[in-house]
Amino acid sequence: ALRDKVAQFERRFPAIADLRRRLLVGEAPPFLRLFEEILIAPATRPTTLILGETGTGKTAVAEAIWALGPRGGRAFRTINCSELAAGDPAIATGKLFGHGAGSGLANVPKEGQPGILEETDGGVLFLDEIGDLPRQAQLLLLLPLERRAFHPAVGRGAARSVDVKFLCATN
């Protein structure tokens, strides 16, 4: 019955059939149940947590949720939080929240620079290995997760708000 339901979705929505051919290949009942959840996730909560072992396709699931949802034509950004954890925590927060005017940082314009959150406004941000994100960045991330305004990580600037669907993954 589940296989028939998925086939029905594929006939009705060509984008789903395309995703099944490119990213989400599988016919086993547990996979089809997961696929059914993927179809529901874009329309639900603004934040979705994807769990799975390394190499099981969490990124493909995130792309499917983005592509099938109402934000499918908008920005989709992926951040590997392990990479951010390897460097200076101030750099991680700056990458996410941007740099305000007068930050004094090399390679940042005097007027400031938007962060990934602003660049993804209206779209989907996939935070892979969210548990590896530096603690300070995790705490600050609560503001946009709760749809509250935030300030640039470094420098001066007005409070900013973004409309982002967060997809997070961890093993």
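**Figure 1. Surroundings of the buried residues of helix α4 in the predicted model.** The structure shown here and in the following views is a predicted model. Helix α4 itself covers residues 58-68, and its buried residues are Lys 58, Ala 60, Val 61, Ala 62, Ala 64 and Ile 65. In an α-helix there are 3.6 residues a turn, so residues three or four places apart point the same way.

**Figure 2. The open sheet of four strands.** The strands lie in the order β1-β4-β3-β2, and their pairing is parallel. Strands β1 and β2 form the edges, each pairing on one side only. From one strand to the next, the twist averages 15°. The pairing of β3 with β4 is parallel and runs over five bridges. Within this part of the sheet, Phe 126 has Leu 167 of β4 as its bridge partner.

**Figure 3. The crossing of helices α1 and α2.** Helix α1 comprises residues 2-12 and helix α2 residues 14-22; their axes come within 5 Å and cross at roughly 120°. On the α1 side the contact involves Val 6, Phe 9, Glu 10 and Arg 12, which meet Pro 14, Ile 16, Ala 17 and Arg 20 of α2. Sorted by class, this contact of α1 with α2 has five nonpolar residues, three charged residues and no polar ones.

**Figure 4. The contact between helices α6 and α8.** The axes of α6 and α8 (residues 135-145) come within 9 Å and cross at roughly 20°. Because of this angle, α6 is roughly parallel to α8. The crossing in which α6 passes α8 is right-handed. Thr 93, Leu 96 and Phe 97 are the α6 residues of the contact, and they meet Gln 136, Ala 137, Leu 140, Leu 141 and Pro 144 in α8. The residues of this contact of α6 with α8 divide into six nonpolar and two polar, with no charged residue.

**Figure 5. Thr 120 and its contacts.** Thr 120 is located in the loop between α7 (116-119) and β3 (124-128). The relative accessibility of Thr 120 is 0%, and therefore the residue counts as buried. When residues up to four places away in sequence are not counted, Thr 120 touches Ala 75, Arg 77, Leu 125, Asp 163 and Val 164.

**Figure 6. Leu 105 in the loop between α6 and α7.** Leu 105 belongs to the loop that joins α6 (89-97) to α7. With a relative accessible area of 37%, Leu 105 is partly exposed. Leaving aside residues up to four places away in sequence, Leu 105 touches His 99 and Val 154. A distance of 30 Å separates the C-alpha atom of Leu 105 from that of Leu 167, a residue 62 places away along the chain.

Figure 7. The C-alpha trace spans about 60 × 30 × 25 Å along its principal axes. Of the 171 residues in the chain, 40% are buried. Among contacts between residues at least 6 apart in sequence, 67% join residues at least 24 apart.

Key
Residues are numbered from 1 along each chain as its sequence is written. This is a predicted model: local features need pLDDT of at least 70, side-chain atom pairs count only at pLDDT 80 or more; totals for chains, interfaces and linings use all residues. Side-chain values use heavy atoms; hydrogens and water are left out. Axes are lines fitted to C-alpha atoms, for helices over the stretch in contact, and angles run from 0 to 180 degrees between N-to-C directions. Helices (H or I, at least four residues) and strands (E, at least two) are DSSP runs, numbered from the N terminus. Contact means heavy atoms within 4.5 Å. Ala, Val, Leu, Ile, Met, Phe, Trp, Tyr, Cys and Pro count as nonpolar, Asp, Glu, Lys and Arg as charged, and the others, Gly among them, as polar. Buried means under 20% relative accessible area, exposed over 50%, partly exposed in between (1.4 Å probe, protein chains only). Two strands pair if DSSP finds at least two bridges between them. Angles under 35 degrees count as roughly parallel, over 145 as roughly antiparallel, 65 to 115 as roughly perpendicular and the rest as oblique. A crossing is left-handed if the near helix is turned anticlockwise from the far one by less than a right angle, and right-handed if clockwise.
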